[in-house]
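Have the viewer open as you read.

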Amino acid sequence: MTFSWRKAAVVLGVGLVAMFAMRGRGTLDALGGTVDFNNDVRPILNRSCVQCHGGVRRQGELSLLFREDALKPAKSGRVAIVPGNPGASELLKRVQHADPHDRMPKGLPPLSSQDIGTLRRWIAQGAQWQDHWAFVRPRTDALPVVSNPKWPRSGLDHFVLARLDAERLTPSPEATCHALARRVSIDLIGLLPTLAQVDDACATGATGGYERLVDTLLASPRFG
């Protein structure tokens with residue numbers, strides 16, 4: 001067998017854990033380390049600023065969608081973001097303004113002290129922008145070193161096993177062919193496979209039996 005529903009479930013679970021871990025890492029960085037624009041700053045701007053200061057809506061002739069626009073003087077002549085100088089950045093002055101009429105974002109709840117601190121650190125660190133993740137070319141990362149190099153059957157398996165190693169866990173034994181046939185049949189049509197289907201899928205020396213079973217189940221009127 002070259003496929004395991006168990007491993008697919010493990011991949012999904014580890015992927016979700018990794019996603020939330022990455023999101024959490026950006027927040028931790030913002031508390032004291034390097035502020036990550038995409039993780040820490042872009043969500044603040046998208047939530048509270050670009051509705052009025054971005055794209056075709058540039059109130060006060062200010063747009064915060066792109067760095068080159070954000071660094072230009074606005075209609076008032078003031079500069080919203082001065083890289084390396086939070087004190088001279090009008091953006092910080094306006095989000096902290098004591099007068100609700102002049103405080104930004106107008107018509108929305110004021111920014112939290114944590115959000116303001118994130119913006120202040122980001123500006124102090126140079127106010128660097130990053131391209132949206134959708135426009136960043138994917139890159140191939142090196143496979144992590146794992147405790148059992150013979151266990152992975154694909155590159156993704158290395159990351160699954162590396163996470164299990166970090167948690168001091170070992171992979172469960174691989175399911176038998178008969179168990180896989182039963183699981184995939186219940187998953188796809190809600191019924192157990194017939195004895196003939198199991199025999200065909202798991203016959204000793206047969207090739208492609210499991211794939212034929214899956215194709216048969218997908219073609220069944222009970223599927224879906």
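## Ground rules

The model is predicted, so to speak of local features takes pLDDT of at least 70 and side-chain atom pairs count only at pLDDT 80 or more, while totals for chains, interfaces and linings use all residues. Numbering starts from 1 along each chain as its sequence is written, and side-chain values use heavy atoms, with hydrogens and water left out.

## The cores

A nonpolar core here is a set of buried Ala, Val, Leu, Ile, Met, Phe, Trp, Tyr and Cys residues joined through side-chain atoms within 4.5 Å; buried means under 20% relative accessible area and exposed over 50%, with a 1.4 Å probe and protein chains only. The largest one has 23 residues, and Val-41, Leu-45, Leu-64, Ile-81, Leu-119, Trp-122 and Trp-129 touch the most other members. Helix H2 (37-48), H4 and helix H5 (113-124) each give two or more residues to this core; helices are DSSP runs (H or I, at least four residues), numbered from the N terminus.

Beyond its neighbours within four places in sequence, Trp-122 is in contact (heavy atoms within 4.5 Å) with residues including Val-35, Phe-37 and Trp-129. A second, separate core of 15 residues includes Val-184, Leu-188, Ala-201 and Tyr-210.

## Helix H9

Tyr-210 turns up again in H9 (residues 209-219), whose buried residues are Gly-209, Tyr-210, Leu-213, Val-214 and Leu-217. They sit on the same side of H9, because they cover an arc of only 140° around the axis, taken from the directions from the helix axis to the C-beta atoms. Asp-215 and Ala-219 are exposed on the face turned away from that buried side.
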